[in-house]
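Me: I have a chain to look through. Can we go over it in short steps?

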Amino acid sequence: MNIDHISCTWKDGAACGDCENSNRLNCRWKASDLLLFLVSVLPSMLGLLAGTLLIGILQSTWWPTVAYIL
């Protein structure tokens, strides 16, 4: 197996210019990618947590909240 073709994540960034996957695969981590992920996922996660807390309060059952947090 040739490791050079698996991913260039840990290689020097200058090697990305001539990579055959440069336009098809996002293999280099960028802070903007993390920000986009967090902006798109956090509202749903916070809404689910709020709903789980509401169920816990209304039914006096806290295991769903603990299970969700874990």
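Me: How much accessible surface does the chain have, and what percentage of that belongs to carbon and sulfur atoms?
Reply: About 6,100 Å², with 68% belonging to carbon and sulfur atoms. Areas are Shrake-Rupley values with a 1.4 Å probe, and for residues only the protein chains shown count as cover. This is a predicted model: local features need pLDDT of at least 70, side-chain atom pairs count only at pLDDT 80 or more, and totals for chains, interfaces and linings use all residues. Residues are numbered from 1 along each chain as its sequence is written, and side-chain values use heavy atoms, with hydrogens and water left out.

Me: What percentage is buried?
Reply: Of the 70 residues, 9% count as buried. Buried means under 20% relative accessible area, exposed over 50%, and partly exposed in between.

Me: How many helices and strands?
Reply: Two helices and zero strands. These are DSSP runs numbered from the N terminus, helices being H or I with at least four residues and strands E with at least two.

Me: Which residues make the nonpolar surface patch?
Reply: Trp29, Leu34, Phe37, Leu38, Leu42, Met45, Leu46, Leu48, Tyr68 and Ile69 make a patch of about 1,000 Å². The elements giving two or more residues to this patch are α1 (31–59) and α2 (63–69). Helix α1 has the largest share, seven residues. Patch residues have over 30% relative accessible area and no salt bridge; like charges are joined within 9 Å, nonpolar side chains (Val, Leu, Ile, Met, Phe, Trp, Tyr) within 5 Å. A salt bridge is a side-chain nitrogen of Lys or Arg within 4 Å of a carboxyl oxygen of Asp or Glu.

Me: Why does Leu38 count as partly exposed?
Reply: Because its relative accessibility is 35%. Leu38 is in helix α1.

Me: And Thr52, buried or exposed?
Reply: Thr52, also a residue of helix α1, counts as buried because its relative accessibility is 13%.

Me: What does Thr52 touch, leaving out residues up to four places away in sequence?
Reply: Pro64, Thr65 and Tyr68, where contact means heavy atoms within 4.5 Å. A polar atom of the Thr52 side chain also lies 2.7 Å from the backbone oxygen of Leu48.

Terms used: Buried means under 20% relative accessible area, exposed over 50%, partly exposed in between (1.4 Å probe, protein chains only). A polar contact is a pair of N or O atoms within 3.5 Å; within protein, one must be able to donate a hydrogen and the other to accept it, and residues adjacent in sequence count only if both atoms are side-chain atoms.
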